[in-house]
Amino acid sequence: MGIKDLSLPLILATMSYVLKGQIQSGPTHGKVVVCYLSTWSIYREGSGKFKVTDVDPSLCTHVVYAFAGLDENSMTVKALDPGLDIHGKYENAGYAGLVALKKNYPHLKALLSIGGWNEGSLKFSNLAASPSSRETFIKSVLEFIDTYKFDGIDMHWKFPNVRDGKREDKANFVTLMKEIKEAFMPNGYILTTAIGAPKYVMEAAYELPQLNKYVDLMIVLAYDYHGTWDGVVGPNAPLKGYSKDDVFNVDYTLKYLLSHGVSPNKIVLGVPLFGRTFVLEKPETEIIEFGQTPAKSEGFQGPLTKENGFMGYNEICAELTTNDDKWTRHWHEQSSTPYLRNGDRIITYDNSRSLAVKVKKAMEYNLAGIMAYSIDNDDFSGKCDREPDYVSVSFSGLHNFVEKFNRIARNPTLQRLLTNLNLPEAQKLSTLSKSSEIAHKNHLWTTESKPSYPLLRAIDESITLAIEEKIIMTDMVSITNDKPAGGNTGVSTNSIFTVVCYFCFL
């Protein structure tokens, strides 16, 4: 059985369920939160070591085990690290460790991701082109799922018709996904696919309307739009481009998918829990201009991930916690991107603020949810100070979500409108306010505590708030369009629009 879109009544019912004190083992907002787990993170040193037991399933609806591979000789699924994945090199690890999380978190779905960058494209091209190979592969997938008790798979072919692939990949990939889906249906297994976000990849790799028929979720890898490969400083995951003609941005990707036959209730927006690093060609450069300021061909690496041009958020926030005086903080308004500078070193990344902006955009498009890549790069142990600039002068356009919501909920004009217009669900706002209070026990913008997973929590809370805002905005529009039954409400049109304009959480 596939994953279906969750309607407004179900969202409200879920909130009501929480208010009645019932136990929920996962997110209560009704949207998908897919958490990728890069299993090699268990080999990192010190505070970077991430174990399956470090996963917080209450913040995820799906956890994706990345990655399994493809044996190109037998055309079967294979474990890429058998000692870890299968044979218990570490206690409570591997496939068994992940699936065991479902015992205490029955909402959780465990998926096995097959592919990834290092597995290449050519072997998948050969697989998809051969009917007999597809049959063998699908049989092995079913055996793998049955043996290790996964709930389904994530096909992570990077990318059809790109990287040594061939033109036929585009159609063959659809055939492969169709046959997998047909094989999954009797058992209700989940089938997702991860797709590249740049326009040239989407055009070359995917027959989107056809894929839309067979996948339960289409996970959009909406990051790595820019990096040291550009030769200039740029944002990793810009919400909008440098200009109206710039196609390398999240908003363009989503509009492209929606305009090419992909159902919004199948799209999961992938967001990065990591940043990109740059070293300036000219250290004396005073002003950083995204897309223009020259950078060297290699960035610098973090102490845990040890990859040039890449830093996990846990590395970035640790750097800010220990060496805050060395870095200046900046915000690029056009792309909604925070960035840091220390001399000739630049980090462009995502924090709670920039993720909240992307989440709101996803909710505006009524997407299925959000994917986080990857949770081992979050501050999963809660070691970092919260970034203080959320509400500083440099971030003057941002307001505290929770405080603003509660202020609006108590607004006497709005309360009078709800009462006087005799709305069928006049108590909705009060209910939402209470659910918001519960959902935001650890406030999104707090600087007093150090909760684990600050970015995952920001995603979870931002989804709730964006949904709430959308519900209330819809009702407010309805109020402005409907005349009250029984005379004057005592509320002017101007006051209505004054309240409406308050609902700009971002």
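How are helices H4 and H6 oriented to each other? H4 and H6 are roughly perpendicular to each other (a class covering angles of 65 to 115 degrees, with angles under 35 counted as roughly parallel, over 145 as roughly antiparallel and the rest as oblique). This is a predicted model, in which local features need pLDDT of at least 70 and side-chain atom pairs count only at pLDDT 80 or more, while totals for chains, interfaces and linings use all residues. Residues are numbered from 1 along each chain as its sequence is written, and side-chain values use heavy atoms, with hydrogens and water left out.

**Helix packing**

- Helix H4 (residues 122-129) packs against helix H6 (residues 169-184) at an angle of about 65°, their axes lying 8 Å apart (axes are lines fitted to C-alpha atoms, for helices over the stretch in contact, and angles run from 0 to 180 degrees between N-to-C directions).
- Ser125, Leu127, Ala128 and Ala129 of H4 make the contact with Asp169, Asn172, Phe173 and Leu176 of H6 (contact means heavy atoms within 4.5 Å).
- Helices are DSSP runs (H or I) of at least four residues and strands (E) of at least two, numbered from the N terminus.

**Nonpolar cores**

- Among the 102 residues of the largest nonpolar core, those touching the most other members are Ile114, Phe137, Met155, Ile180, Tyr206, Leu456 and Ile459 (a nonpolar core joins buried Ala, Val, Leu, Ile, Met, Phe, Trp, Tyr and Cys residues through side-chain atoms within 4.5 Å).
- Helix H15 (residues 454-481) gives the most to this core, with seven residues.
- Another core, of 20 residues, lies apart from it and includes Ile190, Leu217, Tyr223 and Tyr373.
- Not counting residues up to four places away in sequence, phenylalanine 137 touches Leu70, Met75, Val77, Ile114, Leu127, Met155, Leu176 and Ile180.

**Salt bridges**

- The structure holds 18 salt bridges (a side-chain nitrogen of Lys or Arg within 4 Å of a carboxyl oxygen of Asp or Glu).
- Aspartate 151 pairs with lysine 102 in a salt bridge, with the closest N and O atoms 2.9 Å apart.
- This pair links distant parts of the chain, 49 residues apart: aspartate 151 is in the loop between helix H5 (131-148) and strand S5 (152-156), and lysine 102 is in the loop between helix H3 (94-100) and strand S4 (109-115).
- Aspartate 151 is buried, at a relative accessible area of 15% (buried means under 20%, exposed over 50% and partly exposed in between, with a 1.4 Å probe and protein chains only).
- Aspartate 350 and lysine 358 form a salt bridge at 2.5 Å between the closest N and O atoms, and both residues are buried.
- Glutamate 203 and lysine 199 form a salt bridge at 3.8 Å, N to O; glutamate 203 is partly exposed at 39%, as is lysine 199 at 27%.
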